[in-house]
Each structure stands twice: as C-alpha cells, then as structure tokens.
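This briefing covers a protein–RNA model and one of its domain interfaces. Please keep the sequence and structure in view while reading.

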Amino acid sequence: MGRTDEVRVRIAPAPTGHMHLGNARTALFNWLFARHHGGKFIVRIDDTDLERSSEEAVKAILDALRWLGMDWDEGPEVGGPYGPYIQSQRLDIYREYAKKLVEGGKAYYCYCTKEELDAMREEARKRGRPFKYPGKCRNLTPEERERFEREGRRPTIRLNVEAAWGSREGKIVVHDLVLGDVEFDVKEFDDFIIMKSNGMPVYNFATVVDDYLMRITHVIRASEHLSNTPKQILIYKALGVEPPKFAHVPMVLGSSKGEKLSKRHGAVAVEWYRDQGYLPEAMINFLARLGWSYDDKEEIFTVEELIEKFDLDRVGRSGSVFDINKLNWLNKQYIMMMPLSKRTDAVIPFLERAGLIKREEITPEKRRWLEKIVEAVGDRMTTLADIVDYTYFFFTDEFEYSEEGLRKWLSKEGVPEMLEEVKELLAGVEPFERGEIERALRGYVEGKGLKAIRVFQPIRVAITGKTVGPGLFETIELLGRERTLGRLERAIRFLKGRTENP
RNA sequence: GUCCCCAUCGUCUAGCCUGGUUAGGACACGGGCCUUUCGAGCCCGCGGCACGGGUUCAAAUCCCGUUGGGGACGCCA
C-alpha cells in the first residue's frame with residue numbers, strides 16, 4: 001500500500017444538482033494540493049440524503065470535473081483500494097461502526113420522536129435558551145428500550161459526548177492549516193445524532209468514518225464546515241483514531257454584501273459556463289485565484305504552474321466575490337492564446353448549435369475557409385459563443401441591417417451611388433484577395449477625396465448588416481466576389497426602394 | 001440568541017508573521033493615442049488600509065474594543 005506519508009485528499013460532493021462554482025473551487029484546491037504533493041485525489045459521492053440525490057447529478061458532477069481537467073485517482077468509475085466510493089453503498093460500514101460505538105458506551109439509541117424533539121426545541125425557544133438535547137435516552141434500561149421497540153419506534157443513534165471526550169470540560173481545538181488554532185468549548189455540544197432512524201448515517205458521521213477508512217490526510221473544505229469540525233473531532237475521539245489535518249478555505253461569495261454565491265447572483269453551475277463558451281483553462285485559472293494568490297504580479301497561470309506553485313500557506317482567510325468581469329478578461333486571454341486550428345475546433349460546436357454549419361459537411365476546403373474566418377475574428381471573442389454574432393453573415397444571407405447601421409451609414413446622401421461605384425470597382429479586382437481589395441478601395445477613397453470611414457462603414461453595413469466586425473477587406477475576401485457584389489446590389493435596391501416608396 | 005470566522009481600491013489581491021512602502025499589481029471604470037468599425041495594443045487617470053483606543057520615535061502591519069459582514073447551531077450536506 002502507499003507510503004504512510006502520502007497526501008490523500010478528497011471531495012465529497014452531494015449529488016443534488018449541478019456542480020456549483022464554490023464546490024468546483026474546493027475541488028480545485030484539493031486537486032492542486034494533491035498534485036503538488038504527489039498525493040492522491042479522491043472523489044466520494046455523498047448521497048446519504050436519498051430524497052435529493054440522483055444518478056444524473058452524479059454524472060453532472062463527474063462531467064464537470066472532467067471538463068475542468070481534474071482527474072481523480074480513486075472514486076466512481078475508477079474504483080480504488082478503499083471503495084466503494086459511493087456512500088449509499090457503504091451503509092453496512094456506518095452501521096457497524098455505529099454499533100461499535102454503542103457497544104463501547106460512546107453512543108446510544110435514542111427513541112425520542114421528531115415531534116417530541118420539536119416540542120422541546122419550541123419550549124427552549126420560548127424561554128430564549130439554545131436547544132440542547134438533554135440526554136433523555138442516554139441511560140435507558142433494557143425494559144424501557146423494549147417498550148419503545150414494541151411501540152414501533154425506530155431509534156436514532158446519538159453520540160455520547162461526555163463519554164467520547166472523556167469529560168464534560170475542556171476545549172476542542174481545531175488546528176486549521178489556514179485559520180490557525182480555533183477553539184470550541186465542549187460544553188457547547190449536546191449528544192448529536194450520528195445515525196438517523198431510517199438507518200442512514202448523518203453527514204458528520206459518514207464523513208468521519210469514510211475519511212478515516214480512506215486514509216484521508218488533509219480535509220480541505222469550505223469554511224462553512226468549520227463549525228462541524230469539533231463534532232467530527234468528537235467522533236474521531238469516540239472512534240479512538242487520529243483526525244486528519246484540516247484546512248478551511250474561504251467561501252466563494254456572490255456579491256460585495258458578503259453573501260454566499262447563489263443563483264440570485266447569476267449562473268452558479270459549471271456546466272453553464274461550459275455551454276456559454278468559457279474555456280476550462282480560464283475557469284481553472286480564475287477559480288484558483290479566488291482565495292489564493294502567488295505574488296503581486298502574476299495573473300495568468302497554466303495548470304502546470306498552478307500545480308507547481310499551489311499550497312495552503314498562500315490561501316487567504318476572507319471570502320472572495322465571484323467577479324464575472326475578471327473571468328471574461330481571463331477567458332479572452334486564453335482564447336487569444338489558442339492556436340488557430342484549436343480555436344477553430346473549439347468554435348465549431350457553437351456554430352453548429354446556432355444552425356450555421358453542419359459538422360459532417362465540413363470539407364477540407366470549407367475547413368480552411370472556416371479557419372480564415374476565425375482568424376479574421378481575431379481577438380474579438382470574449383467567449384466562444386461570441387463567434388456566432390461575429391460571423392453569422394458568412395454563413396447565411398438571411399440578415400437584416402442593424403438599426404444603427406441603417407441610420408448612421410446607409411441612410412446618407414449619395415450612399416446608393418457610392419455603393420454602385422464600389423460594386424463596379426470590386427467586380428474588376430484581380431485577384432480577389434484582401435491586399436488587392438484594400439488597394440482598390442483606398443484608391444477609390446483617395447480619388448473621391450472622402451474620409452475612409454464614410455466609404456468603409458456603409459460597405460460594411462451593406463455586406464454584413466452590422467457596424468462592427470472583423471476587418472473589412474478580409475471580410476470581403478472571405479465572402480467572395482459573388483456574394484459581396486450580390487449584397488451590394490441588394491443594399492442598393494433596398495435603399496432605392498425606400499426613397500421611391502417612403 | 002449562542003458559538004465561530006472574517007475585514008487593504010467597486011472586484012481579485014500583494015504588503016501583515018519579522019512595524020519605517022509615494023500602500024504595489026490585475027479586472028472594471030474614465031480619458032488619450034493608434035485605427036475602416038469593434039476588438040486588441042500603448043499611455044494617463046480615478047480609486048483602498050471599516051472605526052476607536054492603546055504600544056512605539058514610527059502602526060495597513062502588534063494589542064484591546066466597537067461596528068459591519070458571514071457561517072454554524074437539523075433524523076441537510
């Protein structure tokens with residue numbers, strides 16, 4: 001088996017929906033930590049809440065991890081020596097450990113019903129006191145137990161905190177790698193439930209049993225779990241085993257108000273960003289910088305650099321707001337760095353989804369043309385999805401003149417006549433490529449003594465419908481002579497039609 | 001309410017441990033240059049140590065308090 005000093009970390013997502021950005025960030029920190037230290041990254045599915053867990057959610061989470069490029073050494077699909085890695089398949093294990101604790105006097109059966117508990121809670125609330133389970137069932141006689149059983153009551157199992165800790169006094173201290181030592185008074189804890197009456201373990205218990213059995217060395221998780229940690233330490237105590245090291249990383253926030261990131265603040269699912277055309281490299285880079293920093297100048301890190309540089313000592317303590325502006329900037333940086341061929345590959349699904357191309361119809365010749373179009377778009381895309389807005393007119397003649405284009409550039413004195421002249425000019429350009437096209441058009445502008453913009457923009461609107469886009473000469477070349485002339489003709493007719501029938 | 005955590009430009013952060021910086025960078029924003037548009041690029045600018053007390057010759061940095069925000073207090077995870 002592995003060296004005893006081998007780093008083993010895990011993420012334990014609950015498959016109740018999509019992969020949340022906050023979870024992705026936690027996963028990333030764990031993954032980077034494992035890779036940096038040459039350890040193991042483990043995925044364990046925390047599906048003990050049967051009601052809310054689903055197969056699809058498991059798949060969504062694994063897909064998101066894969067898309068982001070985080071591979072796991074042990075877990076679903078890959079297995080491993082400490083499996084199974086799905087908690088609902090480990091029920092016997094939890095029951096066995098819970099039973100051991102009961103037998104050792106560290107836990108006990110509790111027959112209090114939900115209703116009774118609620119009543120006690122309500123009572124405590126009325127008197128303005130915090131509710132703590134009073135230990136009613138701590139010392140049940142066999143007869144009492146039998147009576148409850150006969151009544152058909154299904155017991156929960158509670159940890160006997162005093163027995164687990166060995167005293168009613170003292171401080172539970174969490175030696176946190178990010179926050180430092182954090183102390184909790186044992187008195188604050190009541191005998192909390194570790195096994196539900198339906199035989200399922202409670203989060204804190206399943207987590208501890210699995211982390212122990214899976215030889216987890218470092219628990220790196222969001223700081224919202226800090227207050228669970230003393231309870232878990234109590235369970236480790238009861239089990240008589242050493243707890244792992246803990247590191248609570250700051251949460252990902254949704255606004256400067258400091259609230260936890262949620263749907264209210266925008267998209268939180270990793271899948272959404274993928275579908276929107278964000279690159280996994282950009283997401284990784286962005287997520288890594290949320291709560292972690294390397295120095296005072298570097299912003300862009302490749303995955304390799306992150307692995308090399310990441311460690312817990314440079315993780316901050318305060319929460320970080322998810323800022324889509326910065327993500328957008330990063331994403332653009334990564335798109336710009338992509339080699340043309342790769343960028344073309346990346347953009348094809350988006351063109352396809354918009355109904356502009358069909359993958360199976362891409363001949364080598366069409367592929368070359370596509371690459372040229374992507375090249376012409378250059379560094380204008382923020383997300384891959386932007387390709388559609390920048391290029392749809394290359395693929396279809398079905399477009400309208402934008403309001404601004406019409407008003408500002410086409411509806412001007414002499415434009416139809418000018419377009420007519422440009423059309424004739426372009427008809428004779430040989431060869432029909434950007435250099436020659438530019439020379440001809442600039443010659444025209446100069447001959448007329450016009451400002452370039454007053455000629456180029458109307459042409460742009462006439463042939464693309466838009467006021468913004470790739471360079472005009474490339475656009476004309478890529479459109480080809482026939483379509484360019486056709487679109488000029490169409491614009492001329494359109495404009496004449498308007499003046500004749502206002 | 002109780003316990004716990006946090007606090008540097010609007011945002012991400014460096015600096016804090018080991019007091020002395022014009023408190024640095026990046027995104028965003030504003031302006032300029034370049035340019036056929038947009039984008040990119042370049043230049044300039046705006047903007048911050050939550051507050052109050054200490055300690056000290058000197059505090060973003062050390063100590064105490066206040067305020068603000070957040071998290072946890074479930075047979076959710």
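A polar contact is a pair of N or O atoms within 3.5 Å; within protein, one atom must be able to donate a hydrogen and the other to accept it, and residues adjacent in sequence count only if both atoms are side-chain atoms. The model is predicted: local features need pLDDT of at least 70, side-chain atom pairs count only at pLDDT 80 or more, and totals for chains, interfaces and linings use all residues. Side-chain values use heavy atoms, with hydrogens and water left out.

**Domain 3 and domain 4**
- An automatic or database assignment places domain 3 at 339-395 and domain 4 at 403-500 of chain A.
- Five residue pairs are in polar contact across this interface (both at pLDDT 80 or more).
- Salt bridges (a side-chain nitrogen of Lys or Arg within 4 Å of a carboxyl oxygen of Asp or Glu) number zero between domain 3 and domain 4.
- About 1,100 Å² is buried between domain 3 and domain 4, with carbon and sulfur atoms giving 63%; buried area is the accessible area (1.4 Å probe) that two parts lose on being put together, summed over both.
- Ala376, Phe393 and Phe394 supply 52% of what domain 3 buries against domain 4.

**RNA strand B**
- Among the 63 residues around RNA strand B (a heavy atom within 4 Å), Asp46, Lys196, Gly291, Arg380 and Gly469 come nearest.
- Sugar or phosphate accounts for 72% of the RNA strand B atoms within 4 Å of the protein.
- Phosphate oxygens of RNA strand B lie 2.7 Å from a side-chain N or O atom of Lys196 and 2.7 Å from a polar backbone atom of Val321.

Conventions. Residues numbered from 1 in each chain as written. Chains lettered and ligands numbered in written order.
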